[in-house]
Amino acid sequence: MAETHRTRLLILGAGPAGYTAAIYAARAGLEPILVAGLQPGGQLTITTDVENYPGFAAAVQGPWLMDQMRAQAEHVGTRIIQDVITEVDLSTRPLRATGDSGDLYETSAMVIATGAQARWLGIPGEKELSGFGVSACATCDGFFFRGREVAVIGGGNSAVEEALYLAGLASKVTLIHRRDSLRAERIMQERLFSHPRISILWNTVVEEALPTEGKLRALRALKLHDTQGGGRFELPVDGMFVAIGHDPATSLFRGQLETDEDGYIVTQPGSTRTSVPGVFAAGDVQDRIYRQAVTAAGSGCMAALDAEKWLAHMPDDAPAVAAYDAVDG
């Protein structure tokens, strides 16, 4: 039977941003409710070794790290509900969200931490080898390919940035692009073309990620298709980094919140405030640049502090159009 849940702060999303927001909000006595969504733990649940999250001398597993964040959030008083939000209404007061369960969530303030998902190629072997040679984050996983040969897929700024970053670690980087020119900024292209460890395969698409033999499978090569000549061939690599963009999980909020041209939620400079008073955004849902677990966690902290300040100045029955100017600072 459907229920109505009422809270001062509702947090949508169970990644580093959402859990950190929950930890800070619960410690501030806000008794938050966190709705976990489709992928509790976010992108770290499909990450194996995590070596760049502060506080751990040795690598930790992504799913384990998220389990620890969840346990900490619950320990300090967060109520976590396994549900998927299918509809929100940010024009009313209280703010409302409806779950796939049929439950209704009413809240005075909301933190949106629904994250973003990397775009994938959708080729055979890609999903199976994710974390075993296939990645969508060079700054997360590039260290594991020091002195080895890797490929980067894409032709925009992200792909060129990934290739240049990896060139400082790998012995050889091959940028694979389906067209005969890059979309990246000219200055970045010049850096790419002049780098001695980077080569480019133009008019080439990846058709399959090929695994090693045996029980412990890892990426060994890519099956490529030359779209101009029509030939197919294999490129031996230890790593493949897909850099064709990310999609922020913001479809629920379109038409209700200001977003940029790619769907990322726009926040006010130096804060997590959105275009709707009492609604805050944290993590990859509003960060198109860094997309790291530690920066997501940091913005989750900011969102909780911003929400606490908002709630301290605004009564629960304040109109949804109330100005931010009512909050000092």
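Biologist: Which residue in β13 stands opposite L175?
Modeller: This is a predicted model, in which local features need pLDDT of at least 70 and side-chain atom pairs count only at pLDDT 80 or more, while totals for chains, interfaces and linings use all residues. Residues are numbered from 1 along each chain as its sequence is written, and side-chain values use heavy atoms, without hydrogens and water. Strand β12 (residues 172-176) runs parallel to β13, and four bridges join the two. Opposite L175, the residue in β13 is I200.

Biologist: In what order do the five strands of the open sheet with parallel pairing lie?
Modeller: Strands are DSSP runs of E with at least two residues, and helices are runs of H or I with at least four, both numbered from the N terminus. Two strands pair if DSSP finds at least two bridges between them. The edge strands, each pairing on one side only, are β10 (134-135) and β13 (198-201). The order is β10-β17-β11-β12-β13.

Biologist: Which residue in β17 stands opposite S135?
Modeller: β10 and β17 pair in the parallel sense over two bridges. The residue of β17 that faces S135 in this pairing is F241.

Biologist: Are G239, F241, M240 and V242 of β17 buried or exposed?
Modeller: Buried means under 20% relative accessible area, exposed means over 50%, and partly exposed lies in between, for a 1.4 Å probe and protein chains only. G239 and F241 point one way from β17, and M240 and V242 point the other way. On both sides, the residues named are buried.

Biologist: At about what angle does helix α4 run to β11?
Modeller: Axes are lines fitted to C-alpha atoms, for helices over the stretch in contact, and angles run from 0 to 180 degrees between N-to-C directions. Helix α4 (residues 157-167) lies across β11 (149-153), β12, β13 and β17 (239-242). Its angle to β11 is about 170°.

Biologist: How far apart in space are L192 and A163, C-alpha to C-alpha?
Modeller: L192 lies in helix α5 (residues 186-194), and L192 counts as buried because its relative accessibility is 1%. Not counting residues up to four places away in sequence, L192 touches V160, A163, L164, L175, L182, I198 and I200, where contact means heavy atoms within 4.5 Å. L192 and A163 are 29 residues apart in sequence, and their distance in space, C-alpha to C-alpha, is 7.7 Å.

Biologist: Which residue in β15 stands opposite T204?
Modeller: β14 and strand β15 (residues 219-226) run antiparallel and are joined by seven bridges. The residue in β15 opposite T204 is D226.

Biologist: What is the hand of the crossing of α1 and α2?
Modeller: Helix α1 (residues 16-27) and helix α2 (residues 62-75) pack at about 25°, with axes 9 Å apart. The two are therefore roughly parallel, a term for angles under 35 degrees, with over 145 roughly antiparallel, 65 to 115 roughly perpendicular and the rest oblique. A crossing is left-handed if the near helix is turned anticlockwise from the far one by less than a right angle, and right-handed if clockwise. The crossing of α1 and α2 is left-handed.

Biologist: Does N203 count as buried or exposed?
Modeller: N203 is found in the loop between β13 and β14, and its phi is near 50°, a positive value in a residue other than glycine. Because its relative accessibility is 15%, N203 counts as buried.
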